[in-house]
Amino acid sequence: MTTGPDLADVSLPSRVAAPDEAVGADELGLAARNHGMPLELLRHDLTPVGAHYLLTHYDIPYVAEQTFRLDVGGAVRTPLSLDLAAIRDRPAVTMPVTLECAGNGRARFHPRPVSQPWLHEAVGTMAWTGTPLGPLLSEAGIDEDAVDVVFTGADHGIERGVEQDYARSLSVKAALDGDALLAWGCNGVDLPPQHGAPLRLVVPGWYGMASVKWLRSIKAVTEPFDGYQMRAYRMRQHSDEPGEALTLIAPRALMAPPGFPDFMSRTRVVRMGRHELEGRAWSGHGEITSVEVTVDSGATWLPAKLDTPSGPFAWRRWTLPWEVDSAGRWILSARAVDSTGRAQPTELNEQHWNRGGFANTSLQRVEVVVLG
Ligand SMILES: Nc1nc2c(c(=O)[nH]1)N[C@H]1C(S)=C(S)[C@@H](COP(=O)(O)O)O[C@H]1N2
Ligand SMILES: [Mo]
């Protein structure tokens with residue numbers, strides 16, 4: 001960690017926007033780098049590679065495949081240093097995994113925590129190809145007294161005055177027994193640079209911050225890992241409280257916007273007749289067991305039909321026929337419940353605010369004008 005006079009101007013504390021404060025140029029800059037998935041692509045089971053959302057805290061590092069090594073060390077019996085060929089020679093699996101940024105929905109909080117200003121679109125599902133993490137760690141032989149496994153990326157930056165390599169940890173148990181992959185491919189192609197080439201971690205069911213891109217080192221440690229990114233991703237009301245760590249993804253349903261949009265407002269325009277509403281729902285805690293949809297601004301809720309998901313960590317498609325027989329203006333929305341009973345709010349304007357702007361699963365508001 002480096003702090004000092006040179007970093008004074010970048011050591012600012014996190015900030016919450018004033019009630020009427022517009023998104024600033026710094027937030028716009030982040031939004032332009034870290035694009036979301038256009039919501040109409042919720043119609044696709046797998047998100048096309050270039051349309052999956054992106055979240056990169058610093059720069060996309062240049063990592064040369066020829067000289068790449070993954071170091072596995074720390075509190076292990078047999079430290080390993082593997083090149084890409086050795087990793088790709090290991091048993092491979094391909095599985096669809098829905099990734100969602102913990103900050104998805106942040107810009108819809110009132111007041112708005114100033115950071116990457118996601119509305120709804122920080123989500124995507126790709127078929128990730130890689131080798132399971134657990135067996136590799138077992139071969140290295142994690143020491144009995146190790147508690148966490150730290151994953152470090154090749155990217156480097158400063159956040160609130162703290163200079164760092166991007167690093168996150170999992171407990172030894174989650175790393176050994178979980179479903180995490182060391183992935184080199186997505187949707188049948190090699191990882192592109194922006195998604196972590198040549199190798200990244202993918203932790204199914206967890207918010208995206210756990211899935212470390214440009215992975216260069218895995219280290220078992222005997223003290224709980226307390227790096228910057230572990231302290232940052234916590235639910236807090238005030239900046240001085242410890243807060244609760246973000247882990248698994250909370251349930252959410254989104255609707256592919258029906259009809260056609262107005263260019264600026266994105267308000268939807270729909271003609272009278274029969275439409276099929278559709279979208280996707282997901283949860284890191286368990287299977288989605290119900291999706292309810294409102295077509296009358298929250299007055300009534302109708303059960304949607306659920307398709308079979310393509311895997312235990314992939315979003316689930318839902319559909320609902322919608323017969324439109326009168327002109328008007330409505331808010332449409334959907335709400336998800338999972339097998340653990342976790343659920344989205346029941347009211348259209350209900351929000352559970354926190355200072356980091358995390359896990360905002362307040363309901364989507366799809367504004368629709370029905371033409372007469
Ligand atoms: N090395 C590294 N890994 C990272 C990040 C990062 O900035 N650096 N961002 C994390 C966050 S916050 C998210 S939401 C996901 C996004 O993955 P994607 O850009 O492939 O969609 O990557 C995670 N892994
Ligand atoms: Mo994220």
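Q: Which residues does Arg-280 touch, not counting residues up to four places away in sequence?
A: Arg-280 touches Leu-42, Arg-43, His-44, Asp-45, Arg-252, Ala-253, Leu-254, Trp-315, Arg-316, Arg-317 and Trp-318. Contact here means heavy atoms within 4.5 Å. This is a predicted model, where local features need pLDDT of at least 70, side-chain atom pairs count only at pLDDT 80 or more, and totals for chains, interfaces and linings use all residues. Residues are numbered from 1 along each chain as its sequence is written, chains are lettered from A and ligands numbered from 1 in the order in which they are written, and side-chain values use heavy atoms, with hydrogens and water left out.

Q: Is Arg-280 buried or exposed?
A: Buried, at a relative accessible area of 3%. The classes are buried under 20%, exposed over 50%, and partly exposed in between (1.4 Å probe, protein chains only).

Q: What does the side chain of Arg-280 reach at 2.7 Å?
A: The backbone oxygen of Leu-42.

Q: And which side chain joins Arg-280 in a polar contact of 2.9 Å?
A: That of Asp-45. A polar contact is a pair of N or O atoms within 3.5 Å; within protein, one must be able to donate a hydrogen and the other to accept it, and residues adjacent in sequence count only if both atoms are side-chain atoms.

Q: Which strand holds Arg-280?
A: Strand β16, residues 273-282. Strands (E, at least two residues) and helices (H or I, at least four) are DSSP runs, numbered from the N terminus.

Q: What is the strand order in the open sheet of four?
A: The order is β13-β16-β20-β19, with antiparallel pairing. The edge strands are β13 (252-255) and β19 (305-306), each pairing on one side only. Two strands pair if DSSP finds at least two bridges between them.

Q: How many bridges link β19 and β20?
A: Two, in the antiparallel sense; β20 spans residues 316-324. Lys-305 has Thr-319 in β20 as its bridge partner.

Q: New topic. Which peptide bond is cis with omega about -5 degrees?
A: The one joining His-110 and Pro-111. Pro-111 lies in the loop between β3 (93-100) and β4 (123-132). The bond from Ala-197 to Pro-198 is also cis, with omega near 5 degrees. Most peptide bonds are trans.

Q: What is the phi of Asn-187?
A: Near 50 degrees, a positive value in a residue other than glycine. Asn-187 is partly exposed at 23% relative accessible area.

Q: And Arg-266, what is its phi?
A: About 65 degrees, also positive. Arg-266 sits in the loop between β14 (260-261) and β15 (268-271). Its relative accessibility is 46%, so Arg-266 counts as partly exposed.
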